[in-house]
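Hi,

Here is the structure I promised to pass on.

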Amino acid sequence: MRMTFRRMADRRPVETLVERDDGVVFTMRGAGGGAGLPHDLVHAVVETELQVRDGVWGCVADGVVWGSMRHVSGRQPPHAADRSARLKRERTAAVQRAELVADVVARLARGAEVLPGQVAALDVPPARLDAAVAALRAAAERWAELTPGEDHVVEWMPAPRRRSAPAARRR
């Protein structure tokens with residue numbers, strides 16, 4: 001999945017083009033116009049760096065359509081709305097955790113106050129957390145350099161390889 005975040009003029013919502021691997025394309029409007037890193041881009045960077053597959057963007061990759069998304073092209077699979085609703089219900093806790101992780105990593109990247117217990121609650125190894133903070137800082141620098149109308153592209157991590165079912169044993 002590819003997410004193309006378009007920098008808009010200050011105080012205008014960010015426009016994101018979401019191209020799922022199944023060929024379905026959406027646009028999405030989100031908070032964060034101007035020089036500050038958009039909330040959805042924070043999630044994309046943090047979730048990709050930490051390989052959070054069931055967070056906000058993992059849900060989109062798996063078929064969730066959030067209310068801010070509008071279908072642009074591509075044939076949606078049968079029962080797409082039902083699947084989206086089911087995944088939203090099933091992944092409520094995971095998405096809430098992804099929100100927490102993205103918030104803490106964003107505060108660390110900005111140098112804002114983060115309590116030690118908040119970092120410990122993430123249960124992320126320090127080296128991986130440091131890598132996510134560095135990736136978010138780099139994304140913030142890149143975003144700040146963009147002029148209105150320019151894009152920042154994030155490639156979502158590929159789906160994990162599925163193991164084939166073990167061969168049946170002969171008796």
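This is a predicted model: local features need pLDDT of at least 70, side-chain atom pairs count only at pLDDT 80 or more; totals for chains, interfaces and linings use all residues.

Residues are numbered from 1 along each chain as its sequence is written, and side-chain values use heavy atoms, with hydrogens and water left out.

**Fold**

The protein chain has 6 helices and 5 strands (DSSP runs numbered from the N terminus: H or I of at least four residues for helices, E of at least two for strands). Along the sequence they come in the pattern β-β-β-α-α-β-α-α-α-α-β. The C-alpha atoms fill a box of roughly 65 × 40 × 25 Å along the principal axes.

**The sheet**

The 5 strands make an open, antiparallel sheet in the order β4-β3-β2-β1-β5; strands count as paired if DSSP finds at least two bridges between them. β4 (69-73) and β5 sit at the edges with a single partner strand each, so one side of each has no neighbour in the sheet. On average, neighbouring strands are turned by 20° against each other, direction ignored.

Strand β1 (residues 2-6) is joined by 5 bridges to β2 (residues 14-19), where Met3 stands opposite Val18. Another 5 bridges tie β1 to β5 (residues 151-155), again antiparallel, and there Arg6 faces Asp151. Over at β3 (residues 25-30), 4 bridges make the antiparallel pairing with β4, with Thr27 and Arg70 as bridge partners.

**Helices on the sheet and on each other**

α1 lies across β1, β3 and β5, at about 35° to β5. Angles here run from 0 to 180 degrees between N-to-C directions, with axes fitted to C-alpha atoms (for helices, over the stretch in contact). α6 also packs on the sheet, touching β1, β2 and β5, and its direction makes about 150° with that of β5. Contact means heavy atoms within 4.5 Å.

How do α1 and α4 pack, by angle and distance between axes? The angle is about 95° and the axes are 9 Å apart, which means α1 is roughly perpendicular to α4 (65 to 115 degrees; under 35 is roughly parallel, over 145 roughly antiparallel, the rest oblique). On the α1 side the contact involves His39, Val42, His43, Val46 and Glu47, and on the α4 side Ala98, Glu99, Val101, Ala102, Val105 and Ala106. These divide into 7 nonpolar, 2 polar and 2 charged residues (nonpolar: Ala, Val, Leu, Ile, Met, Phe, Trp, Tyr, Cys, Pro; charged: Asp, Glu, Lys, Arg; polar: the others, Gly among them).

**The second largest pocket**

α1 (39-49), α4 (92-110) and α6 (126-145) each supply at least two of the lining residues, and α4 has the largest share with 6. By class, the lining splits into 7 nonpolar, 3 polar and 4 charged residues.

Cheers
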